[in-house]
Amino acid sequence: MKTSVHIVVSGMVQGVGFRYFVHHHATQLGLTGWVRNLPSGDVELEAEGKREFVESLITYVRRGPRSAVVSNIDVIWKEPLGAFKSFEITY
């Protein structure tokens, strides 16, 4: 069953390769969507795909790359729209 999720990640998550980390894992899991930095210093992402793979991505996001410090993630589950063809880093 497909699902979609919107996540905002807080902490020391910019300038540490966080977007590339998310992109790598989302792509490996076959998910579609995007990830971007926010002016607030947070990182925001949307991902769509099989629920089990989206849940795996959430586990990776909670951990982050070694140089990141994730202090909080806000997760909002949504209905999938099928609007994405791949997983992209947006600016």
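This is a predicted model: local features need pLDDT of at least 70, side-chain atom pairs count only at pLDDT 80 or more; totals for chains, interfaces and linings use all residues.
View 1. Along its principal axes, the C-alpha trace spans about 35 × 25 × 20 Å.

**View 2. The open sheet of five strands, in the order 4-1-3-2-5.** Pairing within this sheet is mixed. Its edges are strand 4 (69-78) and strand 5, each of which pairs on one side only. From one strand to the next, the twist averages 20°. As a reminder for reading this view, strands of a sheet pair through backbone hydrogen bonds, either parallel or antiparallel.

**View 3. Strand 1 beside strand 3, an antiparallel pair.** Here strand 1 (residues 2-12) meets strand 3 over eight bridges. To find your place, look for I7, whose bridge partner in strand 3 is L45.

**View 4. The hairpin of strand 2 and strand 3.** Strand 2 (residues 32-37) and strand 3 (residues 43-50) run antiparallel and are joined by six bridges. One handy landmark is R36, which has E44 of strand 3 as its bridge partner. Five residues lie between the two strands, and in the turn G41 has a positive phi of about 100°.

**View 5. Strand 2 beside strand 5, a parallel pair.** Three bridges link strand 2 with strand 5 (residues 87-89). Which residue of strand 5 does W34 stand opposite? Look across from W34 and you will find E88.

**View 6. Helix 1 packed with helix 2.** Two packed helices are described by the angle between their axes and the distance between the axes. For helix 1 (residues 18-28) and helix 2 (residues 51-63), the angle is about 160° and the axes lie 10 Å apart. Angles over 145 degrees count as roughly antiparallel, and that is why helix 1 is roughly antiparallel to helix 2. Their crossing is right-handed. On the helix 1 side, the contact is made by F18, F21, V22, H25 and A26; on the helix 2 side, L57, Y60, V61 and R63 take part. Sorted by class, this contact has seven nonpolar residues, one polar and one charged.

**View 7. The helices against the sheet.** Helix 1 lies across strand 1, strand 2, strand 3, strand 4 and strand 5, and runs at about 170° to strand 5. Helix 2 also packs on the sheet, where it touches strand 1, strand 3 and strand 4. The direction of helix 2 makes about 160° with that of strand 4.

Key: Residues are numbered from 1 along each chain as its sequence is written. Side-chain values use heavy atoms; hydrogens and water are left out. Axes are lines fitted to C-alpha atoms, for helices over the stretch in contact, and angles run from 0 to 180 degrees between N-to-C directions. Helices (H or I, at least four residues) and strands (E, at least two) are DSSP runs, numbered from the N terminus. Angles under 35 degrees count as roughly parallel, over 145 as roughly antiparallel, 65 to 115 as roughly perpendicular and the rest as oblique. A crossing is left-handed if the near helix is turned anticlockwise from the far one by less than a right angle, and right-handed if clockwise. Contact means heavy atoms within 4.5 Å. Ala, Val, Leu, Ile, Met, Phe, Trp, Tyr, Cys and Pro count as nonpolar, Asp, Glu, Lys and Arg as charged, and the others, Gly among them, as polar. Two strands pair if DSSP finds at least two bridges between them.
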